[in-house]
Amino acid sequence: MDKKEQLASLLASLSSDQMEELEALLQKSSVTSRSTKKKKRRGKGKRKKREAAKTKEQQLASEQNMKDSPPTGEFLEGLSLTSAEKEELQEASLSDKKMGAHEPLQNQSPLKKKAEHRVEVRCRICGKTEKVSPGIVPPERDRFKCNTCCCSAG
Ligand SMILES: [Zn+2]
């Protein structure tokens, strides 16, 4: 009889408890026989995988911690930046903003909106045409008074 066959028949004769015990032993010693694994797909392999992934993540996290936080923290807190360095930082953040394209747009749009929405109205007193925001234009346009006329006389 082949050893594998022997093992297989032995396994077949085992109770589920014994099987679990055996599997635990096998996993401990990391001598995982494929036939056992195939025979007993009870999520143990899955769990092992998950654990492996977890440890990988943990490793990654700790690696990142080692890489990033201690040096940067020290750098920012421990060092007083020279003006040149500050300038560099500012330039960097500025270019970041440019690259991002979000902030410039946000900064531009209100101005643009205002400019676009300005209405040309004619002052009923001095007859001058002015561009004003629609909010201050009266319902009847020809009743509009420009700032100067508004402030001086009725
Ligand atoms: Zn006027």
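Which residue of β2 does R122 stand opposite?

A: R122 stands opposite T129 in β2. Before the details, two remarks on conventions are in order. Numbering starts from 1 along each chain as its sequence is written. The model is predicted: local features need pLDDT of at least 70 and side-chain atom pairs count only at pLDDT 80 or more, whereas totals for chains, interfaces and linings use all residues.

The strand β1 covers residues 119-122 and β2 covers residues 129-132; the two run antiparallel and are joined by four bridges. Strands are DSSP runs of E of at least two residues, helices are runs of H or I of at least four, and both are numbered from the N terminus. Two strands count as paired if DSSP finds at least two bridges between them. Besides the pair already named, V119 stands opposite V132 in β2. Six residues lie between the strands of this hairpin, and in its turn G127 has a positive phi of about 80°. In a regular strand, side chains alternate between the two faces of the sheet.

Leaving aside neighbours within four places in sequence, C149 is in contact with C123, I125 and C126, a contact being a pair of C-beta atoms, placed from the backbone, within 7 Å. The C-alpha atoms of C149 and I125 are separated by 6.6 Å, and these residues are 24 apart along the chain. C149 counts as partly exposed because it has 16 C-beta neighbours inside 10 Å.

As for the setting, the chain has eight helices and two strands, in the order α-α-α-α-α-α-α-β-β-α. Buried residues are 2% of its 154 residues. Of the contacts between residues at least 6 apart in sequence, 11% join residues at least 24 apart. Helix α2 (residues 16-29) lies largely in the open, because the number buried among its 14 residues is one.

Confidence is expressed as pLDDT, the predictor's confidence in each residue from 0 to 100. The chain averages 72, and 57% of the residues score at least 70. Among the elements, β1 has the highest mean pLDDT (90) and helix α5 (residues 69-78) the lowest (52).

Note on methods:
A residue is buried if 20 or more other C-beta atoms lie within 10 Å of its own, exposed if 12 or fewer, and partly exposed in between; C-beta atoms are placed from the backbone. Two residues are in contact if their C-beta atoms, placed from the backbone, lie within 7 Å.
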